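Look at the structure below.

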Amino acid sequence: MAEMGSKGVTAGKIASNVQKKLTRAQEKVLQKLGKADETKDEQFEQCVQNFNKQLNEGTRLQKDLRTYLASVKAMHEASKKLNECLQEVYEPDWPGRDEANKIAENNDLLWMDYHQKLVDQALLTMDTYLGQFPDIKSRIAKRGRKLVDYDSARHHYESLQTAKKKDDAKIAKAEEELVKAQKVFEEMNVDLQEELPSLWNSRVGFYVNTFQSIAGLEENFHKEMSKLNQNLNDVLVSLEKQHGSNAFTVKAQPSDNTPAKGNKSPSPPPDGSPAATPEIRVNHEPELASSATPGAALPKSPSQSSLPAVVVETFSAAVNGTVESSSGAARLDLPPGFMFKVQAQHDYTATDTDELQLQAGDVVLVIPFQNPEEQDEGWLMGVKESDWNQHKELEKCRGVFPENFTERVQ
């Protein structure tokens, strides 16, 4: 019996919610058609616009901060690999080996400390800041629904009062529902009227604290890193002094137009002979045979010259208009709007549903954004080549990714 009673209440509540939705829908239609007036609050609407702007700014800052952290992590890995290389080439009998190893360890610890402090003092604070927006956004939407309920109850009460045949019982009930709807709406409205301006004003202090933290952490990081670099430089100077007789001298390489030291400058080429750096000219219209000097040798075609075969082949293809991509006809199988390929140089962990998850070595086919205004600086749109070859479904596979994690390969 208790279960049946519970089901009865649930069914009744569902029916009530359905009726509310129908009433609200009817009210909105009447308002849009101009057959029912709508309660307006311009000051509150401005607060809502500010709220949406603040939410969008915060979301972008969070995304850019995560990209920055990912870049710091990538730089840490690159620095670690570089120091490991130094440790491997630094021979055991060279002076300063222990100091160089210690500097490498401190370098690794400094990067780790910097990344962790950025997470603690910037990213977590950012997450906490944005954590308050979903609840307020939900309450703003609920206030909008309660305002429609209030307008509907008000119009129903007014229509009963102006009817030719008045029903006092219905009017009394409609008035009771109007008072109830107005009370619920005003309670929510008052709370939001106080919270939204306060939240809007809080953004200044939040931005100041966030960027001050980042700037301070980066400043201290570079100071400490500068000390380590100076220490490493001192170690290498000491090594150079111990092996001064074997110092490596960087010599300037002669350019194509500069004679090597001790050699004579070559004589200029005689008229009609090819220069040291031949200039390739493409004549789109053949010269008349009559214009040639009798007895003069015709100029060699690129295929007859001493140029490498690959240059000759490319030259011929360009002249004949037959240059194709390395994939040839396979370009037809690339996604619409394909621009170029990139290859991931580092792993990237997606932080949003619209981002690509990348592993070092992944090849991505870059395509344009459907709406160019949605493209953030430093981000590209693409689809992983493996996903495209397997599914050929752009809508399911495409996503955005940070450009600085990749390198163009085609």
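## Helix packing and salt bridges

The axes of α2 and helix α5 (residues 168–242) come within 10 Å and cross at roughly 15°. Here axes are lines fitted to C-alpha atoms, for helices over the stretch in contact, and angles run from 0 to 180 degrees between N-to-C directions. Helices (H or I, at least four residues) and strands (E, at least two) are DSSP runs, numbered from the N terminus. Therefore α2 and α5 are roughly parallel to each other; angles under 35 degrees count as roughly parallel. In the contact of α2 with α5 there are 17 nonpolar, 6 polar and 4 charged residues. Ala, Val, Leu, Ile, Met, Phe, Trp, Tyr, Cys and Pro count as nonpolar, Asp, Glu, Lys and Arg as charged, and the others, Gly among them, as polar.

This is a predicted model, in which local features need pLDDT of at least 70 and side-chain atom pairs count only at pLDDT 80 or more, while totals for chains, interfaces and linings use all residues. Residues are numbered from 1 along each chain as its sequence is written, and side-chain values use heavy atoms, with hydrogens and water left out.

Now for the charges. Side chains of opposite charge can pair when their charged atoms come close. The whole structure holds 16 salt bridges. A salt bridge is a side-chain nitrogen of Lys or Arg within 4 Å of a carboxyl oxygen of Asp or Glu. The table lists some of them.

| aspartate 64 | arginine 60 | 3.5 Å |

Aspartate 64 and arginine 60 are 4 residues apart in helix α2 (residues 42–89), so about one helical turn separates them. Aspartate 151 and arginine 154 are 3 residues apart in helix α4 (residues 133–161), so about one helical turn separates them.

Are the residues buried or exposed? Buried means under 20% relative accessible area, exposed over 50%, partly exposed in between (1.4 Å probe, protein chains only). Both aspartate 151 and arginine 154 are buried. Lysine 384 counts as buried at 17% relative accessibility. Aspartate 64 counts as partly exposed at 29%.

Technical notes: Angles under 35 degrees count as roughly parallel, over 145 as roughly antiparallel, 65 to 115 as roughly perpendicular and the rest as oblique.
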